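Subject: Structure for you to look at

Hello,

Here is the structure I said I would pass on. Please open it next to my notes below.

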Amino acid sequence: ASGSQLQSLGPTALHILFVSLIYLPINVTVAELGNVTLPCYADTQSGGSDVTWLHYEQKALHYTAVGATIPGLGYEERVSLTEDGYRDGDVSLTITGVNQTDAGLYRCFVRDETDRGYPHAYMLHVIGKTHHMTICTFLVIVLFLYIFGHFLYFSFKYN
């Protein structure tokens, strides 16, 4: 992209472009109000390894080496990381009751954001209920027009 094209992008779009080029996030799609787990693995055995999951630059979850879960703003009661999994190096983030504001870039860090977990980055896409309703409505209309069209065709053909 040229300099003028990059300037026309907003700061959020530039950040996503930059981070996407560096981290190559894995695309994950979830239905609104569903649950999703973003897998991540790291060495949690050597030393006290805190785990931090960032949604863009905001903390979605901070998990301490002593087992305390500190959810980010808006994630209270909706994010988790299991203690048993943590001991085995599984620092996967689970989000329940996903909503549209949860969409976006997630990154997994260990040791106070100095080391990356693997895989490190995800781009979460949330399919809303309205999207499903729009598709269903469209299909019903197409089916209705198909049946109505056949009715008209046969009515004129045999009259």
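Leaving aside its neighbours within four places in sequence, Ser-49 touches Asp-43, Thr-44, Ala-65, Tyr-86 and Arg-111. With Arg-111 there is a polar contact between the two side chains, at 2.7 Å. Please note that this is a predicted model. Ser-49 sits in the loop between β2 and β3 (51-55). Its relative accessible area is 0%, so Ser-49 counts as buried, the cut-off being under 20%.

Asn-35 is also in a loop, the one between β1 (26-31) and β2 (36-38). Is Asn-35 buried or exposed? Its relative accessible area is 53%, so Asn-35 is exposed, since that label applies over 50%. Setting aside neighbours within four places in sequence, Asn-35 is in contact with Val-30, Ile-95, Thr-96, Gly-97 and Val-98. Thr-96 is 61 residues away from Asn-35 in sequence, but their C-alpha atoms are 4.3 Å apart in space. The Asn-35 side chain also reaches the backbone nitrogen of Gly-97, at 3.1 Å.

Now the sheet. Six strands make up an open sheet with mixed pairing, in the order β1-β9-β8-β3-β4-β5. Its edge strands are β1 and β5 (69-71), each of which pairs on one side only. On average, neighbouring strands in this sheet are turned by 20° against each other, direction ignored. In general, the strands of a sheet pair through backbone hydrogen bonds, either parallel or antiparallel. β4 (residues 58-63) pairs with β5 in the antiparallel sense, over three bridges. Tyr-63 stands opposite Thr-69 of β5.

Regards

Notes. Residues are numbered from 1 along each chain as its sequence is written. This is a predicted model: local features need pLDDT of at least 70, side-chain atom pairs count only at pLDDT 80 or more; totals for chains, interfaces and linings use all residues. Side-chain values use heavy atoms; hydrogens and water are left out. Helices (H or I, at least four residues) and strands (E, at least two) are DSSP runs, numbered from the N terminus. Buried means under 20% relative accessible area, exposed over 50%, partly exposed in between (1.4 Å probe, protein chains only). Contact means heavy atoms within 4.5 Å. A polar contact is a pair of N or O atoms within 3.5 Å; within protein, one must be able to donate a hydrogen and the other to accept it, and residues adjacent in sequence count only if both atoms are side-chain atoms. Two strands pair if DSSP finds at least two bridges between them. Axes are lines fitted to C-alpha atoms, for helices over the stretch in contact, and angles run from 0 to 180 degrees between N-to-C directions.
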